Amino acid sequence: MSQDLNANRPPWAIPGFLEIKNNRLAIGGVDALELVSTYQSPLYVFSEQRIRHNVERLKRAETALGGLPLKVCYAAKANSNMAILRAVKEAGADIETNSGGELFKALKIGFRPEQIIFNGTSKTEDEHADAIRAGIYAIQADSVFEVEQIEKVALRLNKPANVSLRLVPEIETDTMHGLQTAMLTSKFGMLSDEVFECFRRFGKSELVRLRGIHLHLGSQTPDAAPFAEAFLKLFKVLKEIYDETGIRLEHLNLGGGFPTNYALDAANLSGLPAERQYLFAADLEPAEVLTAAIRVVKGAAERSDALHLLENLAILLEPGRSVIADAGVLLTTIRNVKSRPLMQTELEIQNPKSKIQNDEWLLTDAGYNLLLSMNNYKWYYHLISASRAAEKHETAYKLAGPLCDGGDVYFDIEGTRRLPDYRLLPENVGPSEVLALFNIGAYSYAQMFPYNGRPLPAAVLIRENGAVELIRKADTYETLIESDIW
């Protein structure tokens, strides 16, 4: 059986990337079950073509800036596998790092120093020294103390440091509380007064070269208005700095936060609150967001006779989720099944077609050791049967992982309706069937850990030509003890 996706394509399908062939899921033209047969389960699968598509989409936003140069710096924290970094670099993006380790990786894979920015709240002197020696584009300082520390290290090395200051703008978004990074309640950034203090103290320094200012709204920002507000805030600070000190900044950094649509197929989301559905279904076009934002900023610049401050001003973005999230799929195999008496009356509300009188449980080999955000943030990842992708997904199941932890489930045990209680799959799903979780590219692979002595899985990259490249070998039992001393 084959399915013409152009004729009857499921909502989650993406031509050339996620398709159905012979009733099975194909990823970049490669059969998902053949991948599992070769590389075992669970298995992370990434698409080079989708990474390139996402980077190009972000880079096209430069046309919205009316001549201002755009620097798209991929947020390596989302996924810093070396092959992924290579794919991002080859797609034409720069990079944002968040630790000495990510800085090391960025340089190792071939990013030039002028392509690298370095974020973080708790950098060590050694990390500052590495960044200064490399001559990166900007160390993004998080406090007055950090600027003092940078000056100390630069003096010791007798080499100047390029620095940007992270501002906390007090802008709230409609994302989750834990993803809010632009509020005073977050741990990030400096107050406006502290930013001005730094420019007064270090603005003429030969060792601390203050190049720009930076903010970050938070991840998965679902609407465009906060971006315009943030851009305007940055410009106003830029103008005040110029008016007070005469220093002309070289760049403004809007951070990241462009969302990924996790709900292309919303079949499982009907039982969730509207605001939760809105968050997971957010889908902003970067060019449209920046068009609206630059219009606001240029209007303010004209009114204050400050258009000259926009000349040759570089605009930086730090996208992570919007580059890599939908480029990743996690394949997992059902290892156990069980049936329990139906305890929740919500089943008929979520799935009126179901006649099930019991909760049918599917136990997989992928738990929150591989999907930490599903546990930490109750993050939703759409799930299908990779073995029977073309069949109707109308039967409700409870899903859980393999860990010895009652919270290792694909639903919200607290009953606060932050995740769906059931997932819809074909009838009679059973052991050895392969399931696929979509949009897992960001903050899943990067956060996996070997809880319960479970070796971490392999990862593959589907190249643009359809070739399969192993980009992480699977761990073994020996891997679990190689760093232990006894």
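Trainee: Which residues does Ser-47 touch, leaving out those up to four places away in sequence?
Mentor: Ser-47 touches Phe-17, Ala-327, Leu-461 and Ile-462. Keep in mind that this is a predicted model.

Trainee: And where does Ser-47 sit?
Mentor: Ser-47 is part of strand 4, which covers residues 43-47.

Trainee: Is Ser-47 buried or exposed?
Mentor: Buried: the relative accessible area of Ser-47 is 3%, and it counts as buried because that is under 20%.

Trainee: You mentioned Ile-462. What is its bridge partner in strand 20?
Mentor: That's Val-468. Strand 19 (residues 458-462) and strand 20 (residues 468-472) pair antiparallel, with 4 bridges.

Trainee: How many residues lie between strand 19 and strand 20 in the hairpin?
Mentor: There are 5 residues between them, and Gly-466 in that turn has a positive phi of about 90 degrees.

Trainee: OK, new topic. How many strands are in the closed barrel?
Mentor: The barrel has 8 strands, in the order 5-6-7-8-9-10-11-12, and the pairing is parallel. From one strand to the next, the twist averages 30 degrees.

Trainee: Can you zoom in on one pair?
Mentor: Take strand 7 (residues 116-118) and strand 8 (residues 138-141): they run parallel and are joined by 2 bridges. Ile-117 has Ala-138 of strand 8 as its bridge partner.

Trainee: Which strands does helix 8 lie across?
Mentor: Helix 8 (residues 192-202) lies across strand 9 (161-166) and strand 10 (208-214), and it runs at about 160 degrees to strand 10.

Trainee: What about helix 9 and helix 11, at what angle do they pack?
Mentor: About 35 degrees, with the axes of helix 9 (residues 225-245) and helix 11 (residues 286-303) 8 Å apart. Their crossing is right-handed.

Trainee: Which residues make that contact?
Mentor: From helix 9 you have Phe-227, Ala-228, Phe-231, Leu-232 and Phe-235. Helix 11 brings in Val-289, Ala-293, Ile-294, Val-296, Val-297, Ala-300 and Ala-301.

Trainee: How does the contact of helix 9 with helix 11 split by class?
Mentor: It has 12 nonpolar residues, no polar ones and no charged ones.

Trainee: Last one: how many disulfides are there in the whole structure?
Mentor: The search finds 0 disulfides. As for cysteines, Cys-73 is buried, with a relative accessible area of 0%, and Cys-198 is buried with 0% too.

Technical notes. Residues numbered from 1 in each chain as written. Predicted model: local features only at pLDDT ≥ 70, side-chain atom pairs only at ≥ 80, totals over all residues. Heavy atoms only, no water. Axes fitted to C-alpha atoms, helices over the stretch in contact; angles between N-to-C directions. Left-handed = near helix turned anticlockwise from the far one by under 90°. Contact = heavy atoms within 4.5 Å. Nonpolar A, V, L, I, M, F, W, Y, C, P; charged D, E, K, R; others polar. Buried < 20%, exposed > 50% of the residue type's maximum accessible area, 1.4 Å probe, protein only. Pairing = 2+ DSSP bridges. Disulfide = S-S within 2.5 Å.
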